[in-house]
Amino acid sequence: MSVQEGGPRPKAGVLEIAPYVPGKSKATGGAKTYKLSSNETPLGPSPKAIEAYRAHADQLHMYPDGSASALRQAIAHHYSLNPDHIVCGCGSDEVLHLIAQAYLGVGDEAIYSRHGFLVYEIAIRAAGATPVVAPETDYTTDVDAILGLVTPRTKMVFIANPNNPTGTYLPFSEVKRLHAGLPKDCILVLDAAYAEYVRRNDYSAGIELVAESNNVVMTRTFSKIYGLAAARLGWIYCPPAIADALNRIRGPFNVTTAAMAAGIAALQDTAHTEKAAVHNEQWRGWLTEQLTAIGLTVTPSVGNFVLVHFPDEDGKRAADADAFLLSRGVVLRRMENYHLPQALRLSVGDEEANRVTVQALSEFMAQKK
Ligand SMILES: *Cc1c(COP(=O)(O)O)cnc(C)c1O
């Protein structure tokens, strides 16, 4: 029980939060486990990032630089931004919480899309605000559906672009149309966790829009293409007034010294990032083709994962496929929490993991009920 009679009560919204369920790590069988449930990079981080992380082991007794100055400089240099408009955090999850805490409260509404990232709902409720869910079209964020839900209470709109877990994206023209339709006091949060993987001419993570508006922010992470998920490193690019608000409420030392050093080294190793993007492009295409060929439906993805839809038939459902794969050592992500009970999300793995997964799914689809 979370609340006992007469005992302490969490504030409004907290007990309505369904706790975030991370991807499983353990299989039930197979000689080897292939974890393809959390969109981690199969290439790992840059060896230079690992070296930089290790190099800080003897400074564990020293507080980190609370302003994350060197990391902000490195990010600013890499992405051509103003370092004063960047706030770093313990993963982008933390910066998503910070923006919600600073700008949302009881009585406010915040919109996200039906199959959008689960952290948005948690951050909205934790701030005491009311989540409002916009339907999607073809598993893609629907700008008109979002605009149709805007009321004078709407203070924030979250979109992941590309979206996790669907892998779809909005062209920049659509993002701009969304922004143009929002009230001036409503913040548009562009979560671009997978931006480095996208190779489309009509895509933009939103840097231009942040720079020219006072109500758009973009969040980024070192957890995906940079392979530093365990280091917990994310950041937000935002107007200076928003950066000022976030800096007032964040923990004064919310990013560790070793993580910052690893992040800086990872940014500099552009050859490693490029290798990861090329690997992803090749194998995401291969996985999509192979899975389609065996009769599964794959939502076209621009991220480092694909959403695979299973038939709603006895013995062939997503839950059956999941059990079958686990017995072969292959761990994917179940999608019930994302309102996609007949789908599994598959992260692009290394060649061996991808081949083992396709082989197992071919056998699963071919087996008699
Ligand atoms: C993985 C992911 C993040 C990154 O979270 P971190 O806290 O930085 O590890 C953010 N947004 C989306 C949509 C993601 O899928």
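Select Pro-165 to begin: it sits in the loop between β7 and α6 (helices, H or I of at least four residues, and strands, E of at least two, are DSSP runs numbered from the N terminus). Residue numbers start from 1 along each chain as its sequence is written. Bear in mind that this is a predicted model, where local features need pLDDT of at least 70, side-chain atom pairs count only at pLDDT 80 or more, and totals for chains, interfaces and linings use all residues, while side-chain values use heavy atoms, with hydrogens and water left out.

Now look at the bond joining Asn-164 to Pro-165: this peptide bond is cis, with omega about 15°. Pro-162 lies in the loop between β7 (154-160) and α6 (172-181), and the Asn-161 to Pro-162 peptide bond is cis too, with omega near 0°. Most peptide bonds are trans.

**Stop two: the ligand**

Keep Asn-164 selected and show the ligand. An N or O atom in the Asn-164 side chain is 2.7 Å from a ligand oxygen (a polar contact is a pair of N or O atoms within 3.5 Å). How much of the ligand does the protein bury? Of the 390 Å² that the ligand exposes taken alone, 94% (Shrake-Rupley areas, 1.4 Å probe).

Next, select the whole shell, which includes Gly-91, Asp-93, Phe-117, Lys-224 and Arg-232 (a residue is near if one of its heavy atoms lies within 4 Å). Helix α3 (residues 91-103) gives the most to this shell, with three residues. By class, the shell has three nonpolar, five polar and four charged residues (Asp, Glu, Lys and Arg count as charged; Gly is among the polar ones; Ala, Val, Leu, Ile, Met, Phe, Trp, Tyr, Cys and Pro are nonpolar).

**Stop three: an open sheet**

Jump to the four antiparallel strands that form an open sheet in the order β11-β12-β15-β14 (two strands pair if DSSP finds at least two bridges between them). β11 (297-299) and β14 (333-334) are at the edges with a single partner strand each, so one side of each has no neighbour in the sheet. β11 pairs with β12 (residues 305-309) over three bridges; select Val-298 and its bridge partner in β12, Val-308.

**Last stop: a positive phi**

Finish on Asn-39, in the loop between β1 (34-35) and α1 (47-54). Asn-39 has a positive phi, near 55°, and is not a glycine.

Methods:
Polar contact = N/O pair within 3.5 Å; in protein donor to acceptor, adjacent residues only side chain to side chain.
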